[in-house]
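User: Please take a close look at one part of this structure and describe how its elements are arranged. I am new to it and would value a connected account.

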Amino acid sequence: MGKLLDWIFGRHYDLSTPRTMPQVSPTRDTQATHPAARPEAERLPPLKNWCHPFKDERNPLQQLTHLANATAGYYPLGVNGLWHGGVHFDSGTAEGLKQQSNVHCLADGEVVAYRIDRELPKTTYYNHKIIVNKPYSRNFVLVRHRLQAPKIENSTDTPPSLIFYSLYMHLQEWENYEKAPALARPAFWPERHLRVRADVSNARAGTSAPRGLIVINRPADGAPMHHLDLLPPGTPVTVSGDGKYRKLEHSRGPASLCNSDGTLQGYIAFRFLEPVAGATYRVSSDGLRVRPTPDLLHKELLKLRQGTEVTISGEGDMRKLESISQYVLAAALQGERAPGTGEVVVPDTPVPIQAGDLIGHLGDYHSEEAERPEKKLHLETFSEQDMEVFIVASRAWAQRLPGRERTWLKLAKGTAVMAHLDGASATRWPVPSATDPLSAADLLIPESLLERLPADDKISVPATPERKAINWYRLDGLLHDATGKLLNGWVREDVGATPWVSPWDWEGYQVLHDYGRPIHAMASFMRSMRRFSEAQLERYHPLADDEDRGPIRSRLFDIIDPNRLGQIKSEELQEALRLPAHAQAIAKMIIRKESEWFHRAHVWDALDEMLGHSGSTPHLNWLAEKQRIKDLSWWEEVAEKVGLPSWGKAYHFHPIGLVGLFYKKLELITMEMLKAADPHGFSNYHQEILPYLNMYAPIYKIDTPLRIAHFLAQVGHESKFKVKSENGNFSARRMREIFGCKGGQKNYNSEADDCDLGRLRNKLWSHELTYANNAVNLLSYVYADRMGNEGEETRDGYKYRGRGIIQLTGRSNYERYTRIHNTANPGDLKNFVENPDLIIDELQYGVESAFVYCSMTNFNLAADEDDINKTTQIINGGYNGLDERIEVLRKIKLTLGI
């Protein structure tokens, strides 16, 4: 009967539910749990990275307790006692966080819906005879994610996974972006008002100026492309189509043929055209001449290459040219990113987004009771899948995972906290005492927190035949005693006995099904605040009792006040959140309840009488508040399109608790990618270099899948990620291949392995003892008077020889590296001109120099074009090993899913 009641009241199961589940006639709460969009969501790749919304680098316990500083909006209750499915970042949490910068995406996923108003709507409130219009942001972004347990080595079993959503509410309005053009725009907003990028510097074949964006006659399809025009940087354009190249619209042809009114001049021979459709034809012969009149004797204006599409008019042998199809490289365009303002947008194709990507900025929210608006973010995470089924499957899976996945140390209730001991060491342990205070609650400590402890706050005692190994940790302000006092001192881990748990154990998590309505919560709140008259108290106390005995408040009592001596109000909840163990326990509440963004008018109308509103005595502020609640809602416009239940219920969980549970430092570059780029490299070296790759990739904008793939492919082939210094030890043949003939002649004959002019045979590099097998002399000579180096006698050609995982060469490049590094890293000023060997002596600079070199060239633009020829030319100066680079790039792309 219990399972049947759960089913009737809205508990849902997935395909793993036994087929014996009782059949129930569909109602609003019992219809199918898998809306149409869910199969599409299940194709989402599992997320790999997590990110705090404001990139808080403190440990997960500090991130949780920091939320106690919010002025309102705690999980799972608001200041008015109503259900609150998320957490707030507001003026109370601003200290210590960069809330005035960007709101970042919590995890890899895809944007499935958003709304950005042009300007903030306002609610009219009445304060006695004064009318006050208070703005509020209803702007939001909804992101869908897939959380999947790690695969088990040598097993084909599919790990359990969960589709969940993150919601970012009360974001900034479009009007503020218009006023601040430099303010970053989220990448998932569509691009409008496209222009040629300012950094595009193509040139016409055979010329060096002017520079801009080449316009070609056809998209890339394997056939030769030919230049039609050159658009200067900043030129506004309109394009159509998808793919690497886009068709220019609103331009009939190249500028050289355009009249002042936009029409096209010119005539072409009809016999060299083949029909496509209507007035559109394709040039069938290479070099079709465009003439100013139908007369073949006139000088040509332009030649059209085979495959070019044109539209024509008229009759006869020569036809009037009306337009020429033109194409440009999409990656060379940029525009103003702008949302569709005011309406809920559900993209036809969800837009991929990565952990840490820009979601938006905090918007203003002015509540009825507040004197002034404040910047606020409401952050939620929830799922429509049955969390109980998922957690059971995850816990079973966790038992099969290797020990390295257990990253949380469990300090159970009753853990002794021993006083600090000066000079504590592996031979002088903290001394237990019967008077040592005991912790009053379970607490999971993340491994990352223990790793960051100072060396003096950790003691490792090796095992002996008589006892197991022991680890001691000095922990201050984490555990608390029965009075709520935070404890400082040493705790003991008995290795092999004190448990470590995996995030996939979901240790301490509980799923609660709550069916209360706002009227129940408001009755409890009004009673606790003594706002009821005797008559109201008599009428509403049963509703208040139902709420206080309900699953949410019952669980909060268990955590905060197990003896039930007080009440659960926002003040008590806020104080509890200051204790790490309580904050963590509250974050482990998973609550299945109707979303506050799912609007049903009768649910709020039920509060009318309690709040003193009736037809004869209207409560104008309550009417205004109900309209605001309606305007804030979005669920019904979005749900069935993105895989959420139309009836509004979901499993809610604490967003910061979820991030903290699974968080690993955000990695643009993973070990899997590194192994694909350098399959024969040593894993220990990969582990050593990977943090530096991830340190500098975002700084120097190697931060998209294509840029990362091309960077890794090039470095993997060039150096296998080894930090090297150019040694100058070349064979005679290799010296001639690289540097030409010693006298500077360029007519080196590679087939004959010689310089063409016989008189130079005695001037080959190998015949000069001054250079052969002498790196200093060779590189000083070769690089003299080049790349900022001085003459041969200064030897600075050797001093500024190639170094790093990509060979940074020449004094001018070392100067630029110094300038760029110091600008990007003001806390780590270096002079690579004076100390060039820093690049090989310190691993991080050997890595950074490669990123800086890419930033000094058009590498990112070439990578955006996915052009391996160009990226190879930029890095290598030629095309050595191109086939191998292409193969490495292919393997890296497979790991990136592109």
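Analyst: In this predicted model, an open sheet is formed by 3 strands, arranged in the order 28-27-32 with antiparallel pairing. Strand 28 (443-446) and strand 32 (500-501) each have a single partner strand and stand at the edges, so one side of each lacks a neighbour in the sheet. Strands of a sheet pair through backbone hydrogen bonds, in either a parallel or an antiparallel manner. Between strand 27 (residues 408-411) and strand 28, the antiparallel pairing extends over 4 bridges. Within this pairing, L411 stands opposite L443 of strand 28.

The account now turns to the helices. Helix 7 (residues 518-528) has 10 of its 11 residues buried, and it is therefore largely enclosed by the rest of the structure. Among the buried residues are P518, I519, H520, F525 and S528. The buried residues of helix 7 pack against helix 8 (534-548), helix 9 and helix 12 (601-605). Helix 7 is followed by R530, which has a positive phi, near 60°.

Helix 9 (residues 551-560), one of the packing partners of helix 7, also meets helix 11 (residues 580-587): their axes come within 10 Å and cross at roughly 160°. Because angles over 145 degrees count as roughly antiparallel, helix 9 and helix 11 are described as roughly antiparallel to each other. The crossing of helix 9 past helix 11 is right-handed. Helix 9 contributes L556, I559 and I560 to the contact, while helix 11 contributes H582, A585 and I586. By class, this contact of helix 9 with helix 11 comprises 5 nonpolar residues, 1 polar residue and no charged residues.

Terms used:
Residues numbered from 1 in each chain as written. Predicted model: local features only at pLDDT ≥ 70, side-chain atom pairs only at ≥ 80, totals over all residues. Heavy atoms only, no water. Axes fitted to C-alpha atoms, helices over the stretch in contact; angles between N-to-C directions. Helix = DSSP H or I, 4+ residues; strand = E, 2+ residues; numbered from the N terminus. Parallel < 35°, antiparallel > 145°, perpendicular 65-115°, else oblique. Left-handed = near helix turned anticlockwise from the far one by under 90°. Contact = heavy atoms within 4.5 Å. Nonpolar A, V, L, I, M, F, W, Y, C, P; charged D, E, K, R; others polar. Pairing = 2+ DSSP bridges. Buried < 20%, exposed > 50% of the residue type's maximum accessible area, 1.4 Å probe, protein only.
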